[in-house]
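Me: I would like to learn how to read the helices and the core of a model. Please take one feature at a time.

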Amino acid sequence: MYEDYSQSTGDYYFLCDTEGPWGIVLECLAIIGIVVTIILLLAFLFLMRKVQDCCRWNVLPTQVLFLLGVLGLFSLAFAFIFQFNQQTAPVRYFFFGVLFALCFSCLLAHASNLVKLVRGGVSFSWTTILCIAIGCSLLQTIIAIEYVTLITTRCMMFVQMAPCQLNVDFVVLLVYVLLLMAITFFVSKATFCGPCENWKQHGKFIFATMLISIIIWVVWISMLLRGNPQLQQQPQWDDPVVCIALVTNAWVFLLLYIIPELCILYRSCKQDCSVQGNACSAPVYQCSFRAENQELSRARDSDGAEEDVALTSYSATGKCAHLRSPERPRPSTPTLAPAAQAAPRAGLGL
């Protein structure tokens, strides 16, 4: 019984280890991240009913799904703070890739929608954006299910594998997530090209988020595969490296993407409060195009200034009630001579 007790307490040793306090620090950061994410999630749900612009509202369901993914990342940190055992290993290998794939897929769907908006196009519907996010993350879910099922059903279990083999399998399992990161990075970079400046700031948030995320992933993968073995700290540093990368990347999602998006959404809601009506407001680029068309029409009708002067002069003197445009003159009707008009009357005896 004492051995079972010591084994069970050993699984939770990093939660209160004072000699290596990385577990306590990451535990506090994860708990704070969970609380902040829930508050931001409630703020998004509260502001959704106040948004009147269709282009802004269509992406809000995907951002809510993104926040749920970030909430899962903060919760997953506890699976890496606990000791590696037969219960925490499947949770790590399954949810790490699936949750990150969901977050990067949401960013990819938002960036794809921004590519259309910055070029003056029409926004995707909210169902289309949501389906893009879910569909892109579905492949990683299938890959993770197959891998975990294969490991747990064969004779060799997670705890029986060598640390080097575990790390290699863990990174190989995330190849599709790395592909999603690269695609999202280049798509977010494409949002900088277009005439509509007001949508480009959203693309800058996604671009900065993906750039920092790529740096984090390159560092932790390099440490896991090369750094720890060369420093002879494997497997002691394996769990701290992955957990630090997990919590750091989740905070990057909040600080560089969610909080700036929430600030823009709050300012737009304050502007929409002064506008009455339930109709969706026209995008800014449409207003600018209308203004340009009006200027062009005024330039083309510069010859009509003389017509306006003539109209005002005739209306002031009362000599003319209606005057057609000089470009389309009224067709003249032939007038008969007085003798020709009198001839039929004489013939009829009138």
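**Reading the helices and the core**

Reply: The chain has 13 helices and 0 strands. Helices (H or I, at least four residues) and strands (E, at least two) are DSSP runs, numbered from the N terminus. This is a predicted model, in which local features need pLDDT of at least 70 and side-chain atom pairs count only at pLDDT 80 or more, while totals for chains, interfaces and linings use all residues. Residues are numbered from 1 along each chain as its sequence is written, and side-chain values use heavy atoms, with hydrogens and water left out.

Me: How are two packed helices described?

Reply: Two packed helices are described by the angle between their axes and the distance between the axes. Axes are lines fitted to C-alpha atoms, for helices over the stretch in contact, and angles run from 0 to 180 degrees between N-to-C directions.

Me: At what angle do the axes of α2 and α4 cross?

Reply: Helix α2 (residues 22-48) and helix α4 (residues 60-81) cross at roughly 165 degrees, and their axes come within 9 Å. Therefore α2 and α4 are roughly antiparallel to each other (angles under 35 degrees count as roughly parallel, over 145 as roughly antiparallel, 65 to 115 as roughly perpendicular and the rest as oblique). The residues of this contact divide into 24 nonpolar, 5 polar and 1 charged. Here Ala, Val, Leu, Ile, Met, Phe, Trp, Tyr, Cys and Pro count as nonpolar, Asp, Glu, Lys and Arg as charged, and the others, Gly among them, as polar.

Me: What about α8 and α9?

Reply: α8 and α9 pack at about 150 degrees, with their axes 9 Å apart. α8 and α9 are therefore roughly antiparallel to each other.

Me: How many residues does the largest nonpolar core have?

Reply: A nonpolar core is a set of buried Ala, Val, Leu, Ile, Met, Phe, Trp, Tyr and Cys residues joined through side-chain atoms within 4.5 Å. Buried means under 20% relative accessible area, exposed over 50%, partly exposed in between (1.4 Å probe, protein chains only). The largest nonpolar core has 89 residues, and F96, F104, W217 and W220 have the most contacts inside it. α5 gives the most to this core, with 19 residues. Of the 350 residues of the chain, 40% count as buried.

Me: Which residues does the UniProt annotation "transmembrane region" cover?

Reply: In the unreviewed UniProt entry, the annotation covers several spans, including residues 59-81 and 124-150. UniProt positions are given in the numbering used here, feature names are shortened, and annotations may be inferred rather than shown by experiment. Residues 59-81 are 96% helix, with end C-alpha atoms 34 Å apart. Residues 124-150 are 93% helix, with end C-alpha atoms 39 Å apart.
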